[in-house]
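Please keep the viewer open as you read, and take the points in order.

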Amino acid sequence: MLISSLQRKASSMAFPRWIFFFLLFYGHVSLSIGNDVQEEEFSEELLLKPFPDRKVLAHFHFESRVPPTESYGRHHHLFPKAIYQLVHKFRIREMELSFTQGRWNYERWGGYDPMPSNNAKPPGVELWAVFDVPNDQVDASWRNLSHALSGLFCASINFLESSTTYSAPVWGFHPSSVNLRYGTLPREAVCTENLTPWLKLLPCRDKAGLLTLMDRPSIYKGFYHSQRLHLSSTEFDSTGLNTGIVLEQTLTVVLQPSSLGNEMTYSSGPTLQPSWSLSSLFGRKVGGKCVLAKSSNVHLHLEGALISQLNKNEKFDASEDPWNNSAFELSASPDRIIEESNDRSIFYEFLMENYSDSKPFSLNFVWKSPLVWTCPQAPLHASRFLMGSGNERGAIAISLKPTKQGKGLQTANIDGDSCSLQVVVFQVVPWYVKVYYHTLQVFLDGQPQPLEDIIKKIHISPSEDKISPGVMELALRVPCDVKLAALTIEFDKGFLHIDEYPPDANQGFDIPSAVVSFPDFQASINFSEDTTSNSPLLSRLQAKSPVVSYTEVLLVPLTTPDFSMPYNVITITCTVFALYFGSLLNALRRRIGLEERYLKSKAAKGNGGLPLRLSKLYARLRGRPREPPKSSSSSSSKAKLLIKVILVAGIAVAWHYYNG
């Protein structure tokens, strides 16, 4: 009976178990179908570009995408969990963080194409973020975000929590300036401690794919190094256009290649460019793609000015191989050649899926003839410097000088017979540099101009001592035929408390870089055909972005106190107190009677028996008894002791009186 009952029970449980397996299989199939529609994506790309000044640009681009949380959920396979938590914790709509060492050379490396406009950053750390929170919670979200990023990237970003280090731009820095905060740390050092956490956000890190080229000594010995993290999210978009989160990580390095063998030669005319390869630049080869990457490509970009120079010198024959001609030679044949429709620049694309550890990829670029060309530059070259001398007053000057390409880019607004170029200047000044905004002057070709004729829009937020920095946003209309435009503004140098000085105060204090943008000019690369579907990097280059450039970081010397004086005062005070208390304790603890007897016995032993015998003999000859030696009275000893105590006490009282 027991066995039959167990059999009936097992048969009754068979139907629910069958339903359970059916539902599990159906859920797995439906989940697979849903993932075919929306899934996480990761791509890695590398852009190589030779510069006219014998240097090479290496731009690493990584992009991670995750679908919206409503449809995909909170568990991810490729997207970094730390970034996802930051977005939802602080409700971030857009954010950008950059660590930069060196300064981008706009005159030699260009300033008009999308590469410098998006990836050329000021020295140190730059952070800006747009929050989707009420206005009264923006500052709290900014402070918490700075602390979180400081721990995530092993940097001093937490210094940006102070209200004296960040600002709230209105319209001069970013198009969407609602709930925007901006801060910089110009003196922040960049090292491998910042690069390692940046690499950990990628699926393959530096173990596979293009990241195997991340040789630290090769990267940090370059002339320019900038690692950037850009984040855009539509998780909190109320319009319903929720596309998820897009994380863009870029690493831009400008390297000086060493010659390959004896390929580098010199002539009396133009100098032959040094030949280079991936192995000579990074000391490594690429052993295939990252298995988690949807696309893994290497692009070699030859600018339109270089191609025009090749065509002009008849060294680039279309009948020859595009990668092996009389001008240069590539060691590997590209998988695809992409031409730009505007200035006819060329992109050579290499697919990493065709390579592996047994067949690594190493591109060799060998120059065969010397060439001279220039990179496209912004309409105006912006530079900034200090005026004046001394530790009391000074002035900040920003000069705008037209470039060679800028003279031919007169596509600005034309009203009647007058042509003008719009320039937007965004400047943040620390609170201890007290700027007098009413002293703002504008000069065109050395002549002062009325402000209302040049400045079309202005927003000024004066600084408050130890509370907030000063912010100046200007929209200028500069004539197209101007040879030199300059802006000057005067300031006074403030005084800091001794606790507010940094350890290297005598070096000076930094004024962050000013941001100069040209809204009339949009930097983009237009391709002749739709070739950007599988390349996020090419899509990014094709998107239009305003031409932006950063000026130099200014070093302002302020009046600094003598930091050695506290040490000197402490030292001499301790010395006087030691002498005072030492003499006082010595005088209070001395026993005069015992010391006198000890000194007498010591003197008797030291003199020996001969003086005593002579004194006795002399007394007998005189017929008188010998008189003992006279000892100092106790009263005289006490008087001397009292004089010493009074003297030491007088010295101590006088010292305290004269030193407050």
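This is a predicted model: local features need pLDDT of at least 70, side-chain atom pairs count only at pLDDT 80 or more; totals for chains, interfaces and linings use all residues.

1. How many disulfides does a search of the whole structure find? The search turns up two. A disulfide is a covalent bond between the sulfur atoms of two cysteines. With the bonded cysteines of the chain numbered in sequence order, the pairing reads 1-2, 3-4.

2. Let us start with the pair formed by cysteine 204 and cysteine 290, whose sulfur atoms are 1.7 Å apart. This pair links distant parts of the chain, 86 residues apart: cysteine 204 sits in the loop between H7 and H8, and cysteine 290 in the loop between helix H9 (278–282) and strand S10 (295–302). Are these two cysteines buried or exposed? Both cysteine 204 and cysteine 290 are buried. The torsion about their S-S bond is about 65°, so this disulfide is right-handed.

3. Now turn to the other pair, cysteine 419 and cysteine 480, with 2.0 Å between their sulfur atoms. Cysteine 419 belongs to strand S18 (residues 418–429), while cysteine 480 is in the loop between strand S22 (470–479) and strand S23 (485–493), so the bond ties together parts 61 residues apart in sequence. Here the S-S torsion is about -60°, so the disulfide is left-handed.

4. What about cysteine 154? Cysteine 154 is in no disulfide, and the nearest cysteine sulfur, that of cysteine 191, is 8.6 Å away. At 45% relative accessibility, cysteine 154 is partly exposed. By contrast, cysteine 375 has a relative accessibility of 1% and so counts as buried.

5. Cysteine 154 also follows helix H6, and has a positive phi, near 55°. Helix H6 (residues 138–153) has 16 residues; at 1.5 Å a residue they should span 22 Å, which agrees with the 22 Å between its end C-alpha atoms. Which residues of H6 are buried? They are Val138, Ser141, Trp142, Leu145, Ser146, Leu149, Ser150 and Phe153.

6. Do stop at proline 203, in the loop between helix H7 (192–200) and helix H8 (216–220). Its relative accessible area is 24%, so proline 203 is partly exposed. The C-alpha atoms of proline 203 and leucine 78 are separated by 5.8 Å, although the two residues are 125 residues apart along the chain. Beyond residues up to four places away in sequence, proline 203 touches Phe42, Leu78 and Leu292.

7. With a relative accessible area of 12%, threonine 184 is buried. Its contacts, leaving aside neighbours within four places in sequence, are Val125, Glu126, Leu160, Thr165 and Pro512.

Terms used
Residues are numbered from 1 along each chain as its sequence is written. Side-chain values use heavy atoms; hydrogens and water are left out. Helices (H or I, at least four residues) and strands (E, at least two) are DSSP runs, numbered from the N terminus. Buried means under 20% relative accessible area, exposed over 50%, partly exposed in between (1.4 Å probe, protein chains only). Contact means heavy atoms within 4.5 Å. The expected span of a helix is 1.5 Å times one less than its number of residues. A disulfide is a pair of cysteine sulfur atoms within 2.5 Å.
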